[in-house]
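Hi everyone, thanks for making time. Let me put the sequence and the model up on the screen, and then I'll walk you through a few things.

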Amino acid sequence: MSDDSRENNGSGSVPSRQRRRFPGISSRAYEHPADRSALVALRKLSGFDTAFKALSGLLPERSLRLLFLSDSVRVSDRQFAHLNDMLRDACHILDLEKVPPMYVNQDPQPNAMCIGLDEPIIVVTTGLVELLDEEEMRAVVGHEVGHALSGHAVYRTILLFLTNLAVRVAWIPLGTIAIMAIVTALREWFRKSELSADRAGLLVGQDPRASMRGLMKIAGGNHLHEMNVDAFLEQADEYEAGGDLRDSVLKILNVLPRTHPFTTVRAAELRKWAQSRDYQRIMDGHYPRRSEDKDASVSDSFRESAAHYTSSVKNSKDPLMKLVTDIAGGAGDLGGRVRRGFGGFTGSTSTDDRPRNGSDGDDSPSDTEAPGKG
């Protein structure tokens, strides 16, 4: 769907160059399956958002709003006007009627966030503004507007509060365990919500290379002449497929405390989605509408999420995921595969894996198997 009509929908702003617009688009159109299933379920719980918002008096939201108002620069047509144009463009493209307030905060660390219980606010740091070019920044602004459209700000604010609370009650063993269990689950959802918002950023910028370039620069800094998007994506492939079972476990341990997926992973996931039929259908104007959200099926969303994870495990090149697939498929010699996967811990080959009775091993199924397959 083109924006030839240049309609302003009452907002007084249109995209700065011709981009497709998505009237009435539902966030379900771009949400990652795991993110979408959680959000559909939460939206179906009557009064859930109301109860969350009732907690606003206990949460630091008002304090955060006052903090940014008093110690940051609010984006407008008089301050950071180019960001204001990007923000209004993004809201116009995703058909978000109310433009959220946006602030620029002095911080050399490149970062952006969308928080708030009653009304979302967007904050970007000076480090990010100075790092990215116009098209890269446009994808980031679209990313944050995607958070706002999905309603992520409510749950992200809760995660922020619970993380701070966990630090305060660290001296209470059981209290810390209970809160951290919730925080760990929320972080897993949070990471998937970031993949959703990356997709929203692509729908706004409509330039896949700019989106991936921005992620690369967040990882490696403002040295674009020294970097290459294709080589950066090859890192993601190497990260997924490389190593043995020890590396698979270390990957899990590395990602658990994080709220965001690793940048190479995000770039690879976005590339995959940009090449998918789902993305093309949205660009052709075929997508779910917000008017249909109330009819969305929780069970269908959970089935889609389960199917996604099943497919991800089945097609993954990660050694641990391949082992899980083999177990599910009833493959033989799993013990030998596990020993080979963790073989680096012992530094030597077990005598159980050596050929016996003078055989050179040619007749052994486990020895004829391709190296690293398990």
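Among contacts in the chain (heavy atoms within 4.5 Å) between residues at least 6 apart in sequence, 71% join residues at least 24 apart. A word on conventions: this is a predicted model, where local features need pLDDT of at least 70 and side-chain atom pairs count only at pLDDT 80 or more, while totals for chains, interfaces and linings use all residues. Residues are numbered from 1 along each chain as its sequence is written, and side-chain values use heavy atoms, with hydrogens and water left out.

The chain has 17 helices and four strands; these are DSSP runs numbered from the N terminus, helices being H or I with at least four residues and strands E with at least two. Of the 374 residues, 42% count as buried, meaning under 20% relative accessible area with a 1.4 Å probe, protein chains only.

Now, at what angle do helix H4 and helix H6 pack? For H4 (residues 81-93) and H6 (residues 134-150) the angle is about 50°, and their axes are 9 Å apart. Those axes are lines fitted to C-alpha atoms over the stretch in contact, with angles from 0 to 180 degrees between N-to-C directions. That makes H4 oblique to H6, since angles under 35 degrees count as roughly parallel, over 145 as roughly antiparallel, 65 to 115 as roughly perpendicular and the rest as oblique. On the H4 side, the contact is made by Leu83, Met86, Leu87, Asp89, Ala90 and Cys91, and on the H6 side by Glu134, Met137, Arg138, Val141, Gly142 and Val145.

Met137 comes up again in the largest nonpolar core, which has 41 residues; Val124, Met137 and Leu203 touch the most other members there. A nonpolar core here is a set of buried Ala, Val, Leu, Ile, Met, Phe, Trp, Tyr and Cys residues joined through side-chain atoms within 4.5 Å. Leaving out residues up to four places away in sequence, the residues touched by Leu203 include Phe22, Ile25, Trp273 and Met283. Apart from that core lies another, of seven residues, among them Met216, Val229, Phe232 and Leu233.

Phe232 is also touched by Thr263, as are Leu215, Ile218 and Ala219, again not counting residues up to four places away in sequence. Thr263 lies in helix H12 (residues 263-274) and, at 18% relative accessibility, counts as buried.

Last one: is Ser27 buried or exposed? At 4% relative accessibility, Ser27 counts as buried. Ser27 sits in the segment before helix H1 (33-44), and its C-alpha is 8.7 Å from that of Ser196, 169 residues apart in sequence.

Key. Buried < 20%, exposed > 50% of the residue type's maximum accessible area, 1.4 Å probe, protein only.
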